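Begin with how the elements are named.

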Amino acid sequence: PPAPASCPGWPFDAAEARRRQAVGPNSNVLSIELAPGVRMELVRIPEGQFILGDENGSRDERPVRRVEIPRSFWMGRVEVTNEQFAVFDPAHDSRLEHGEFLQFDERERGYPLNAPSQPVVRVSWIEAMAFCEWLSARTGRKLTLPTEAEWEYACRAGTSTPLGYGALDADFSPFANVSDAT
């Protein structure tokens, strides 16, 4: 079997992640006005290196390798919302997430996904790239979707566990509600 990939200084804890993010140019938050009262916040992700992949994961997660992110980049603090995307494409419709029960009214047909603060959904890669090009033209900055390595590096925030908050059996309730209202 191949030798395990190594990466000096990785993984690291939340305090080290904050320290690394604080080192660098100017502010670590970039606020972009899309329209009056509609802003998008980006956070600076510092350069660094980490281990990408999982020898026990799916075929596309192998081989495990050390990846370097050579320079810092900006990434949205949260998902692009319907309100933000509507400045670019007012006709976009995130529609409903279909329910699996009798369909008598809208709430029973599914869950509405068009609220202004909800993440925009049902956007193709082409539409997402068009949004980035539009945003680049408005700001004079080159903005694009993150690469797979940039995405994983940012999501991991220094961790080496399968999930940013821990192992697969870790308590996820402080970080996500994927079950129900409780």
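Helices (H or I, at least four residues) and strands (E, at least two) are DSSP runs, numbered from the N terminus. Just after helix α5, Ala157 takes a positive phi of about 50°. This is a predicted model: local features need pLDDT of at least 70, side-chain atom pairs count only at pLDDT 80 or more, and totals for chains, interfaces and linings use all residues. Residues are numbered from 1 along each chain as its sequence is written, and side-chain values use heavy atoms, with hydrogens and water left out.

Now the whole chain. The protein chain has five helices and seven strands. Along the sequence they run α-β-β-β-β-β-α-β-α-β-α-α. Of its 182 residues, 29% are buried, where buried means under 20% relative accessible area, exposed over 50%, and partly exposed in between (1.4 Å probe, protein chains only). The accessible surface is about 12500 Å², and 54% of that belongs to carbon and sulfur atoms. These areas come from the Shrake-Rupley method with a 1.4 Å probe; for residues, only the protein chains shown count as cover. Contact means heavy atoms within 4.5 Å. Among contacts between residues at least 6 apart in sequence, 56% join residues at least 24 apart.

Next, the interior. In soluble globular proteins, nonpolar side chains tend to be buried together. A nonpolar core is a set of buried Ala, Val, Leu, Ile, Met, Phe, Trp, Tyr and Cys residues joined through side-chain atoms within 4.5 Å. The largest one here has 16 residues; Trp10, Ile45, Phe50, Val67, Ile69, Phe73 and Tyr153 have the most contacts inside it. β2, β3, β4, β5 and α5 each supply at least two residues of this core. Apart from it lies another core, of 13 residues, including Leu30, Leu34, Met40 and Leu135.

Look at Phe50. Leaving aside residues up to four places away in sequence, Phe50 touches residues including Trp10, Val67, Ile69, Ala149 and Tyr153.

Back to α5, residues 148-156. Ala149, Glu150, Glu152, Tyr153, Ala154 and Arg156 are buried there. Their cover includes β2 (38-45), β3 (48-52), β4 (65-69) and β5 (73-76).

Helix α4 covers residues 125-139. Its 15 residues should span 21 Å at 1.5 Å a residue, and its end C-alpha atoms are 21 Å apart, which agrees. The expected span is 1.5 Å times one less than the number of residues. Buried residues of α4 include Met129, Phe131, Trp134 and Leu135. β1 (29-35), β2 and α2 (82-88) are among what covers the buried residues of α4. Gly140 follows α4, with a positive phi near 75°.
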